[in-house]
Amino acid sequence: MQTPSFFNQGDLVAVLTTQPLDRLLDYKAPEGGCAIGAFVEVPLGPRKVIGVVWDAGRGDYDIAKIRSVIRVLDVAPMREEMQIFLKRAADYTLTPMAAMLRLATRAPGLGDPPSMRKVYRLGTAEPTRMTDARTRVLQVLRDYGGLAFTLKELADSADVTSSVVKGLVKLGAVSEQDCPRDVPYPRLDPNYGGKSLTPDQDAGAKQLRSAVVSQNYGTTLLRGVTGSGKTEVYLEAVAECLRQGRQALVLLPEIALTSEFLTRVEARFGARPAEWHSGVTMTERRRAWRMVGQGAADMVVGARSALFLPYQDLGLIVVDEEHDTSYKQEDGVLYNARDMAVLRASILGAQVILASATPSLESWVNAESGKYSKLELTSRFGDAVLPDMQAIDMRDEVIPADRWISSSLQKAVQARLDRNEQALLFINRRGYAPITLCRACGHQIGCDDCDARMVEHRFQKRLVCHQCGETKPMPSVCPSCDAEGRLAAVGPGVERLTEEAQALFPDARVATLSSDLYGSARALKAQIEAIADGAADVIIGTQLVAKGHNFQNLTLVGVIDADLGLQGSDLRAAERTFQLMRQVSGRAGRADKPGQALLQTYQPDHPVIRAILSGDEEDFWKAEAAEREQAGVPPFGRMAGIILSSPNVQEVFDFATEMARNDAPLRQINAQLFGPAPAPIARIRGRHRVRLLIKAEKTAPLQASVERWISQFRPPNSLRLSVDIDPQSF
Ligand code: ADP
Ligand code: ZN
């Protein structure tokens, strides 16, 4: 029987709530009835909770005891497409539906009535007694003919205190009105501010536009070196989507990049889109969630969670820097936003654009196999050329202890300084030094709660755990042997490199760019802009600088330790190093000045380093793909991780061993089970973590078997179990 789309008062409805229950709850439809998908408030025990009318109720228990829906919330009902998306995403990630619904309702005050604020306009009465202050207020209101001001805006613009405005309200010369806070976003104009494209870009834009016009599902991998105009080209696809009257979403990997991007969107479309990420205020989040649902926001720019907004009609999702590891949510619901974007678009009949200079191996393979369309921009915009890439063989360099800038690199930086150009030194390590060691007893200071070293942050004069964020003051004596003044910093971090650069180039202005040196995204953005404007000659940066900032005068990138990412047993290490090195070196020489990238390495003959230097991407991907295929790992096989954690190390190992012993459902699909072994992060916030890793063939029904397998066990309360489908490291 088909599910009705509307329920009359008293009909039974099944409601999905955000409470951790593994079933839908039956209620009676309230007075006035309710639609399928309606957001409702329902009684649950003594409490009131929020839910969605998911289905017709089954009434398989005492009808007389079934309670009524309290009220229908004043927001657009959840669309069928969204219900399907949440269900499929839950099935894929093995996440309970309640947790999926929580992701989809992360708007504060969802059940509250529309929130209002007071606004002020010109009134009808003339005040009998005028003062200078009063005249100024009325003048401002007249100047902006009809525009509504908040109290603060009006008082500030007229340079008066708010009591002057209030006085005018009493006299009727200014009118005070209630106005909802959740106002529509300004329309974006697809024909505003378009650039004239190069023939290469124009062909790309045409391909994307016709994909958007089809209003069918499709994914395109948009490749192109940094500066080739990928953003320009995909903004043309956004424009076409807007012309079709559909909404567009652009996902960015890093909040710090948003404001630069919004400015660019405004220049292209004449207005700012809605913004959605953890840095957005509660009021604004509430507005965005509602307006997106009413179709009163044409475009959203945001972080991965923006995928779960209730779009009225989403036609295009762009995943910028699609290879970025931050698209994988590693807490709570473990999902990869890139894959979920493809899933949602396939349900909607929407287009996906995955943009990257260095795509993930997964996307590269999908494009090669024809599952995704390909689009490549081969040259940089304008006269900019790719940087010349060279290795500095560190085995040949004479370099004093506790120094990391070789004399070859020093000379190259000096040459830039002499020409008034900027140089960037890249080190992917935050803080002053990765290790704090006692020279008397050999003790290394570690975090009390995690399996991690404490990292000295000299600017803050503290030790910081990069895993849990715990900090403590730098001790003056060794916590292990009490020796005084024997604690030494070992190895380079971005802060220490700043010191070294300042000593080597005493006349240069040296600036550090590291996410933890700035209190807020705003402060960081200000620093980035200042650097772009020429406020620094030498920039010392972490991973943060790899992600799309434009420094027009930057002509040299020096990579301090190109080998750093190649250590460790992670099968993705090569891919990550390749991507990071290519991206970082892409920072050099954007405008009309040729750039150079110098990689300090002890292994210039390592295949990854050679691929980076030769720029032979296709060869690198082919070799990587062959290796993964050989090992039967993603994207050629399927994997899942089971992470078990507990404060008690014995308990967690015992439980994991028990699980590994009873793995019949996995053996039925010929899956291999590895572990138990310490998880990639073995201890965090006092919890010991153990991982079981499952590898199966590409076509195996992995989720179903894993679900059957874990449902055999009842973990004790102290133990947490989470499933990670497609783990990042394996
Ligand atoms: P990518 O996203 O590939 O790194 P962008 O789209 O950011 O490249 O382009 C790099 C720079 O070149 C930007 O400053 C952009 O505004 C400029 N640019 C690219 N294409 C054009 C064009 N056709 N006309 C004018 N400026 C362009
Ligand atoms: Zn810690």
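**Figure 1. C441 is in contact with C478, S480, C481 and A483, leaving aside its neighbours within four places in sequence.** Two residues are in contact if their C-beta atoms, placed from the backbone, lie within 7 Å. The model is predicted: local features need pLDDT of at least 70, side-chain atom pairs count only at pLDDT 80 or more, and totals for chains, interfaces and linings use all residues. Residues are numbered from 1 along each chain as its sequence is written, while chains are lettered from A and ligands numbered from 1 in the order in which they are written. C441 sits in the loop between β19 and β20 (454–457). Helices (H or I, at least four residues) and strands (E, at least two) are DSSP runs, numbered from the N terminus. Is C441 buried or exposed? C441 is exposed, because 12 other C-beta atoms lie within 10 Å. The cut-offs are 20 or more other C-beta atoms within 10 Å for buried and 12 or fewer for exposed, with partly exposed in between; C-beta atoms are placed from the backbone.

**Figure 2. UniProt places a "binding site" feature at C438, C441, C478 and C481.** These four positions are spread over 44 residues of sequence, yet they cluster in space, with a largest C-alpha distance of 8.5 Å. The annotation comes from an unreviewed entry. UniProt positions follow the numbering used here, feature names are shortened, and annotations may be inferred rather than shown by experiment. C438 belongs to strand β19 (residues 435–438). C438 counts as buried because it has 20 C-beta neighbours inside 10 Å. Beyond four places in sequence, C438 touches H443, C478, S480, C481, A483, R486 and L487.

**Figure 3. Six strands make an open, parallel sheet.** The 6 strands run in the order β17-β27-β26-β18-β25-β24, with parallel pairing. Two strands pair if DSSP finds at least two bridges between them. Which strands stand at the edges? They are β17 (388–393) and β24; each has a single partner strand, so one side of each is left without a neighbour in the sheet. On average, neighbouring strands of this sheet are turned by 20° against each other, direction ignored. Strands of a sheet pair through backbone hydrogen bonds, either parallel or antiparallel.

**Figure 4. Helix α15 packs on the sheet beside β17 and β27.** β17 pairs with strand β27 (residues 596–601) in the parallel sense over 6 bridges. The bridge partner of D393 is T601 in β27. Helix α15 (residues 573–585) touches β17, β18, β26 (554–559) and β27. The direction of α15 makes about 150° with that of β26. Axes are lines fitted to C-alpha atoms, for helices over the stretch in contact, and angles run from 0 to 180 degrees between N-to-C directions.

**Figure 5. Strand β25 pairs with both β18 and β24.** Strand β18 (residues 422–426) and β25 pair in the parallel sense over 4 bridges. L425 stands opposite I540 in β25. Strand β24 (residues 510–513) also pairs with β25 in the parallel sense, over 4 bridges. Here L513 stands opposite G541. In a regular strand the side chains alternate between the two faces of the sheet. In β25 (residues 538–541), V538 and I540 point one way, and I539 and G541 the other way. Are these residues buried or exposed? All are buried.

**Figure 6. Helices α1 and α10 pack at an angle of about 140°.** The axes of α1 (residues 80–93) and α10 (residues 337–348) are 10 Å apart. On the α1 side, E81, I84, F85, R88 and A89 make the contact. On the α10 side are M340, L343, R344, I347 and L348.

**Figure 7. E624 lies in helix α17 (residues 617–631).** E624 is buried, because 21 other C-beta atoms lie within 10 Å. Which residues are in contact with E624, leaving aside its neighbours within four places in sequence? They are L361, A574 and E575. E624 and L361 are 263 residues apart along the chain, but their C-alpha atoms are separated by 7.9 Å.

**Figure 8. The setting of these views is a protein with 20 helices and 31 strands.** Buried residues make up 43% of its 730 residues. The C-alpha trace spans about 80 × 80 × 65 Å along its principal axes. The UniProt annotation "domain: Helicase ATP-binding", from an unreviewed entry, covers residues 211–377. That span is 37% helix and 22% strand, and its end C-alpha atoms lie 17 Å apart.
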